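Trainee: I should like to learn how to read the features of this model. May we go through them one at a time?

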Amino acid sequence: MNKQISLVAKHTYLTRLKKKSFWWLLVAPIAPVLVGAIVGFAVAAFSSDKSAEVAVIAPTQMRQAIKSDQKELNLKVNNQTDETKAKQSLSKEDIDAVLIIKDDQGTLLTQPKSNEVDTSKLKTFLSQMALSEKAAKYQLTASQVADLQSPFKLTSKVQDKNQSKDSEAADTVKQMLTMAVGILVFIIVSIYASIIGNEIANEKSSRIMETLLAASSAKAQYYGKIIGVAGLLLTQIAIYAVAGTATVLFSANASWAKSIAPYLSALTPGFLFFTIAFIVIATAAYLVIAAIAASLVNDQSQISQAMTPVTMLALIPYIVALSSSSSTGNNTFVQILSYIPLMGQSIMPSQLANHYATWWQASLSLGLTFIALILLLHFGLALYKKNVLSYSDDNISKQLLRAILPKK
Amino acid sequence: MITLSHLNKTFGDKQAVSDLSVTIKPGEVLGLIGQNGAGKTTTFRMILDFIAADSGTVTWDGQPISDDRRRQIGFLPEERGLYQKESIEEQVLYLAELHGMQKEEAKRELAVWMDKLQVVGKAGDLVQTLSKGNAQKVQMILALIFKPKFIILDEPFSGLDPVNAALFMDTIKELKKQGAMIIFSSHNMDNVTEISDHLVMLKEGRTVLQGNVQEIRESFGRTRLYVEAPQFTATDFAAMAGVARVEKAGAGYRLYLENEEAGRAIFTTVTKDGYIPAFSQQPPTLAEIFKTEVMAHE
């Protein structure tokens, strides 16, 4: 029996893995991010392609300083030093800008067709120059200057005896995380429920089911398919984990990585473990429900009808997760839902990240979800065995209710 | 030996199979006949444990059929179905492995069977590119590749042209010679007559006929007479004692006799002047018995 389950699981897994649709599924969630990054990089690269040519009308020392740093400032200092001639050149569009610095005041003149001057960088540079001049004027030491420049350090901490490490996550990050987990779980559940639904519906509609059952058993087919599809989900998570780790390792010093680092501070190993465990176990539970629903269809055309109750069920925690992403997440209704199997997977990880729940409470919720999965697997097998060879013209929901409810 | 003992199955108010008992010994072929909905497929499904019998037993050599042994049953379902987007080889190897066969052995056997059943195409071809007949051959290969000792074939000849039907018949005969126990259903009575040792006829779940094919035919008496006697007309035959009906059949006539004994008097009459080209007195065909039984129980 175990060999047959593994054969069915292997067949289900490899057949799907060989299909292009699986690889699209893998790429789809990260495609917008990748495209955004590529476009952003291209725009940045293109925009910095040509440096602006600037005539600098300033005291010699200042002019030399700008000229020596012109590469960092992404500009090219023009040879002109006469203000009137420089302005004439600007109006003829021979140069991109004229920078006039007099008495600690600076003016940047540009024309409509000018290449862009990075005023932010320029302003920072000029402020630094001015500061250095003033420091020299007041005879300040380098350490005094550095001390004056250091900003006030404010550290934000939430008092939490169970897990203070996560407490640094900003409110915005928490909200984003809550929404992200809700959306992610809903997408994963919908996609994988649909995969197993299609798998079973395809076999029922192609009438190969009798051949399969003669060669194995309903039990081997049922468990094998669930394991095979769950294997695809684990593969997807593993690929993301490897890609994510590689990105972190190779891009740790990149400026973009530094800029998003604060947003990732809430993604501790503990949080990731619980979230992934919730996703895997809850998705497996939804796979069971999808397998039961799909065992009722006659052909492929009924698959969307069969999957509707599954999607509707998955929609409840999704909506709760989205609506609780704001401060309303810490209320009794949401907290109760976070312990209910098939609901908790979208809510509990965010409760955890927001410190509305402790690790013990999350473990309890995970345990309840796992028990529900075991019960569902057992209950689902009986229904699958009963329905997989029957073909009825009745409405799927009606059939599902008839299959679930005890006979009168 | 396979033994079905007092099998019963109802679906709601409908009695699908009623008190069916039958045995199949090694090297025997059992034909299961009956109208659509007579209970043939339900019987097969009970043997394969797709559905549970309400009462009665199915045993193999006196023992209930275990899950492992059930996987050793070769089964061709009535509803043909294959993975359309997989190659012949992919799905034959997968199902052969499920039946407990080694992959390499299955690969070798597949080539042998494709040749034997004259499948047009290569093992790497996708099933969706196959004709209906070739797909049916692949389905037959799935049922037989692992050398089962017990084989269930539900309507194996439906949809086949005469050449391919003959190919399947030869295959069944060969399996029988090798000692396999075979049970099959068919609406083609000529095929049933040709390859069955025994038959069971079901009518609304009840067994209305059972036994050796020739014995069943003989039990209805030799009341069908084909005669070629040029000097006799249809009117002459109709006037003879014991003749119920006369039909023109090719170069001669087919006479339907009221009883078997009437044949002797007719033989004497038509041969009084000596040689006639044909005189063949036979029991009713299985098709005629089938029609008679169906009508008799309605």
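Mentor: Let us begin with the overall make-up. Chain A of this predicted model contains 17 helices and four strands.

Trainee: What percentage of the residues in chain A is buried?

Mentor: Of the 408 residues in chain A, 43% are buried.

Trainee: Which residues make the nonpolar surface patch?

Mentor: Leu364(A), Leu368(A), Ile371(A) and Leu375(A) make the patch, which covers about 380 Å². Leu364(A) lies in helix α16 of chain A, spanning residues 359-387.

Trainee: Let us turn to chain B. In what order do the strands of the open sheet lie?

Mentor: The general idea comes before the case. Strands of a sheet pair through backbone hydrogen bonds, in either a parallel or an antiparallel manner. In chain B, four strands follow the order β2-β1-β4-β5 with antiparallel pairing. The edge strands, β2 (14-24) and β5 (63-64) of chain B, each pair on one side only.

Trainee: How many bridges join β1 to β4 in chain B?

Mentor: Five bridges link β1 (residues 2-11) and β4 (residues 55-60) of chain B. Asn8(B) stands opposite Ser55(B), a residue of β4(B).

Trainee: Where in chain B is confidence lowest, and where is it highest?

Mentor: Where pLDDT is low, predicted coordinates should not be read in detail. Chain B has a mean pLDDT of 91, with 99% of its residues at 70 or more. Confidence in chain B is lowest in helix α11 (residues 286-296), with a mean of 82, and highest in strand β8 (residues 181-185), at 95.

Notes. Residues are numbered from 1 along each chain as its sequence is written. Chains are lettered from A and ligands numbered from 1 in the order in which they are written. This is a predicted model: local features need pLDDT of at least 70, side-chain atom pairs count only at pLDDT 80 or more; totals for chains, interfaces and linings use all residues. Side-chain values use heavy atoms; hydrogens and water are left out. pLDDT is the predictor's confidence in each residue, from 0 to 100. Helices (H or I, at least four residues) and strands (E, at least two) are DSSP runs, numbered from the N terminus. Buried means under 20% relative accessible area, exposed over 50%, partly exposed in between (1.4 Å probe, protein chains only). Patches are made of residues with over 30% relative accessible area and no salt bridge: like charges are joined within 9 Å, nonpolar side chains (Val, Leu, Ile, Met, Phe, Trp, Tyr) within 5 Å. Accessible areas come from the Shrake-Rupley method with a 1.4 Å probe; for residues, only the protein chains shown count as cover. A salt bridge is a side-chain nitrogen of Lys or Arg within 4 Å of a carboxyl oxygen of Asp or Glu. Two strands pair if DSSP finds at least two bridges between them.
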